[in-house]
Amino acid sequence: MTWTPFYVGDGTPKNVDLGAPPPWRTFPRKPAPTEFRPPPGLVEAVNAALALRRPLLLTGAPGSGKSSVIEQVAAELKLGDPLRWHITSRSTLVDALYRYDALGRIHAQRLAGDDDIASFLRLGPLGTALLPAERPRALLIDELDKSDFDLPSDLLDVLERGEFEIPELARHQQDVVPVRAWGGTDRHPVEKGQVRCDTFPFIVMTSNGERDFPAAFLRRCIRFSMPTPTVESLQQVVAAHLTVSEDDSPAVDTLIAHFVERLHAGESLAVDQLLNAVHVLTSQEAPDSDATQGVLELILRELSRV
Ligand SMILES: Nc1ncnc2c1ncn2[C@@H]1O[C@H](COP(=O)(O)OP(=O)(O)O)[C@@H](O)[C@H]1O
Ligand SMILES: [Mg+2]
């Protein structure tokens, strides 16, 4: 395989134009809510979660579009920028509710005799989603299956009650403290340390299915599994992201057909891999026909193989 539009491997410095990036790799990142094509059944699941004020739990293979759903819902229903909480094994519920910089505050008290607790508090993504608001906020709790074992149950408790306490404020002498929200400089008055939502946020939780959740947790969510893509659905997804010329269209159709065959054979492949393959195949810097197969294999490598 030789495909040398930029780097040729001789170490000689030259001025190289890298061409246009794929539309989904332009920076700063722009939300693209109109490009998402909901798979069959997803719209109903989103509407059930909205009507019942329940979180939506999306499961499905990596790259099946789980994390993209919230952008479209939030844009379409004018819920503002989605709040994002990306889960790792170190994520704790308290971190998502609020952060308190106790050391910073002690330091400031010593230095300046200043006791402005508000400067050392900040709500996390979940805490911000639970602020009273005219419109419900949209909150993505991404990859919940990566969490520590107890997190789903702790989370359930807060979501059932729709409120939480900031103990540092509950025992503070000042009754109302303006606290900074997540993702901005806005401050919101918090009275006696109690944060209480008055409209339940729209919450999407995602899972790659790496572990099971307790029945008590599942019962309180609307659950939806992202279906395996079909030739037709992938054609729509490709068309939503890229303009494919008439000349390129047969090659792209072959690529999609092959992609679907591999999915049916049980291989793990993500939609973004297909999009990458189509981009390379249809771009100015496309590999020549000898190199094409090798480049496509590189991009469309199975996910369960390192
Ligand atoms: N139904 C779809 N419509 C449009 N784009 C999609 C769809 N499904 C996946 N994609 C594209 O594939 C990429 C991966 O999706 P993502 O939401 O990150 O998947 P997941 O969170 O399930 O791993 C996204 O950048 C998105 O543009
Ligand atoms: Mg994701």
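This is a predicted model: local features need pLDDT of at least 70, side-chain atom pairs count only at pLDDT 80 or more; totals for chains, interfaces and linings use all residues.
Let me begin with the inside of the protein, where the largest nonpolar core has 44 residues, and those touching the most other members are Leu-56, Trp-85, Ala-138, Leu-139, Ile-141 and Val-204. By a nonpolar core I mean a set of buried Ala, Val, Leu, Ile, Met, Phe, Trp, Tyr and Cys residues joined through C-beta atoms within 7 Å, where buried requires 20 or more other C-beta atoms within 10 Å of the residue's own, with C-beta atoms placed from the backbone. A second, separate core of 14 residues includes Leu-234, Val-237, Leu-255 and Leu-296.

Residues are numbered from 1 along each chain as its sequence is written, with chains lettered from A and ligands numbered from 1 in the order in which they are written.

Of the 306 residues of the protein chain, 28% count as buried.

Turning to ligand 1, we find 18 residues around it, the closest being Gly-65, Lys-66, Ser-67, Ser-68 and Val-271, where a residue is counted if its C-beta atom, placed from the backbone, lies within 6 Å. Why does ligand 1 lie between domain 1 (33-225) and domain 2 (228-299)? It does so because both domains give residues to its shell, the bounds coming from an automatic or database domain assignment.

Finally, the C-alpha atoms of the protein chain fill a box of roughly 75 × 50 × 35 Å, taken along the principal axes.

Note on methods: A residue is buried if 20 or more other C-beta atoms lie within 10 Å of its own, exposed if 12 or fewer, and partly exposed in between; C-beta atoms are placed from the backbone.
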